[in-house]
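My plan was to look things up one at a time and jot down what came back.

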Amino acid sequence: MTEYKTIETVTKINIPISTKCDICKKEITGKYWRLTRYHNDWGNDSTDFYKVFDLCSRECINKALDDYINSCKESFTQRFELEQEETE
Ligand SMILES: [Zn+2]
């Protein structure tokens, strides 16, 4: 038989305190877009290339997509995901 006692533990978690647009650097409140870019090419740069952008507007989404496409011209496995998020 195993006996147990109750102990108290403390867990630390990260919670968002502010969100800024990665393109225009404006503080975001309310709804915004999260763009995740990556590719599935061979090699280590697929890890380095993975990046998440928080974006405030369609203009900033377009700018981020332009940057993504221009920086990955030689890849045939480019991927991106666009999700709508909301600040706390
Ligand atoms: Zn922006």
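I began with Phe53, which touches Asp22, Leu35 and Ala64, leaving out residues up to four places away in sequence. Contact here means that two C-beta atoms, placed from the backbone, lie within 7 Å. A note to myself on the source: this is a predicted model, where local features need pLDDT of at least 70, side-chain atom pairs count only at pLDDT 80 or more, and totals for chains, interfaces and linings use all residues. Residues are numbered from 1 along each chain as its sequence is written.

Next I asked which residues make up the largest nonpolar core. I found 9 residues: Cys21, Ile28, Tyr32, Leu35, Phe53, Leu55, Cys56, Cys60 and Ala64. Such a core is a set of buried Ala, Val, Leu, Ile, Met, Phe, Trp, Tyr and Cys residues joined through C-beta atoms within 7 Å. Buried means 20 or more other C-beta atoms within 10 Å of the residue's own, exposed means 12 or fewer, and partly exposed is in between, with C-beta atoms placed from the backbone. The elements giving two or more residues to this core are β3 (31-39), β4 (51-55) and α2 (58-71). These are DSSP runs numbered from the N terminus: helices are H or I with at least four residues, strands are E with at least two.

**The sheet**

I then checked the strand order and got an open sheet of 3 strands, β4-β3-β5, with antiparallel pairing. β4 and β5 stand at the edges with a single partner strand each, so one side of each has no neighbour in the sheet. Neighbouring strands are turned by 20° against each other on average, direction ignored; the axes behind this angle are lines fitted to C-alpha atoms.

Pairing asks for at least two DSSP bridges between two strands. I noted 9 bridges for β3 with β5 and 5 for β3 with β4. Tyr38 stands opposite Arg79 in β5. On the β4 side, Leu35 stands opposite Phe53, and Arg37 has Lys51 as its bridge partner.

**Two single residues**

Is Thr36 buried or partly exposed? Thr36 counts as partly exposed because it has 13 C-beta neighbours inside 10 Å. This strand β3 residue touches Val52, Phe80 and Glu81, again leaving out residues up to four places away in sequence. Thr36 and Val52 are 16 residues apart in sequence, yet 4.4 Å apart C-alpha to C-alpha.

Last, I looked at Glu83 in strand β5 (residues 78-86). Glu83 counts as exposed, with 10 C-beta neighbours inside 10 Å.

Terms used: Axes are lines fitted to C-alpha atoms, for helices over the stretch in contact, and angles run from 0 to 180 degrees between N-to-C directions.
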